[in-house]
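Here is a chain to get to know.

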Amino acid sequence: MEGEKKKQKVGCIYALMNPDDETVFYVGATTNRKARMGGHITNIKKSKSPMYQFIRDGGFRPVMKILADNVPLEKMKETENFWIKKYLESGTILKNSVCNSSHEGKIIRKDILPSIAISHEEIDH
């Protein structure tokens with residue numbers, strides 16, 4: 001109909017936390033919270049990724065904490081990168097594959113802005 005605004009697609013930026021101590025260990029983005037969390041739960045049993053191994057070793061079921069909601073799709077990567085940087089700067093060790101220790105804590109994903117490419121060493125100094 002004329003005059004009606006087209007509904008903008010949005011998503012959210014979230015953190016996965018250990019519910020026992022509320023430690024954040026992962027930052028992600030999704031347009032479907034329920035499906036994304038379900039994917040994480042399924043991957044705990046199947047994936048060999050260090051993040052899921054971390055969860056298995058800890059013996060906990062992660063909880064999702066929403067960091068930013070109603071984020072327009074075109075702003076999702078930028079907003080996710082902001083939160084990744086914020087947690088790294090605070091000294092949080094994230095299990096995101098872009099932050100793993102085999103890359104010395106550097107964010108190396110090509111779609112992350114160079115200004116966000118920081119290492120744990122840069123945070124400490």
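Contact means heavy atoms within 4.5 Å. By that rule, residues 24 or more positions apart account for 57% of the contacts in the chain with a separation of 6 or more. This is a predicted model, where local features need pLDDT of at least 70, side-chain atom pairs count only at pLDDT 80 or more, and totals for chains, interfaces and linings use all residues. Residues are numbered from 1 along each chain as its sequence is written, and side-chain values use heavy atoms, with hydrogens and water left out.

Q: What makes up the chain, in helices and strands?
A: There are 4 helices and 3 strands. Helices (H or I, at least four residues) and strands (E, at least two) are DSSP runs, numbered from the N terminus. Along the sequence they follow the pattern β-β-α-α-β-α-α.

Q: Which residues make the contact of H1 with H2?
A: H1 brings Arg 36, His 40, Asn 43, Ile 44 and Lys 45. H2 brings Met 51, Tyr 52, Ile 55 and Arg 56. These residues divide into 4 nonpolar, 2 polar and 3 charged. Here Ala, Val, Leu, Ile, Met, Phe, Trp, Tyr, Cys and Pro count as nonpolar, Asp, Glu, Lys and Arg as charged, and the others, Gly among them, as polar.

Q: Why does Met 76 count as buried?
A: Met 76 is found in helix H3. Buried means under 20% relative accessible area, exposed over 50%, partly exposed in between (1.4 Å probe, protein chains only). Met 76 has 8%, so it is buried. Met 76 touches residues including Gly 11, Ile 13, Ala 29, Thr 30 and Val 71, not counting residues up to four places away in sequence. Met 76 and Thr 30 are 46 residues apart in sequence, yet 8.5 Å apart in space, C-alpha to C-alpha.

Q: Why does Glu 22 count as exposed?
A: Glu 22 has 58% relative accessibility, so it counts as exposed. Glu 22 lies in the loop between S1 and S2. Its phi is positive, about 60 degrees, although Glu 22 is not a glycine.

Q: Is Asn 70 buried or exposed?
A: Asn 70 is exposed, with a relative accessible area of 54%. Asn 70 is found in strand S3. Asn 70 also has a positive phi, of about 55 degrees, although it is not a glycine.

Q: What makes a set of residues a nonpolar core?
A: Such a core is a set of buried Ala, Val, Leu, Ile, Met, Phe, Trp, Tyr and Cys residues joined through side-chain atoms within 4.5 Å. The largest one has 15 residues; Ile 13, Val 27, Leu 67, Trp 83, Tyr 87 and Leu 94 have the most contacts inside it. Helix H3 (76–89) is one of the elements that give two or more residues to this core. H3 gives the most, with 5 residues.
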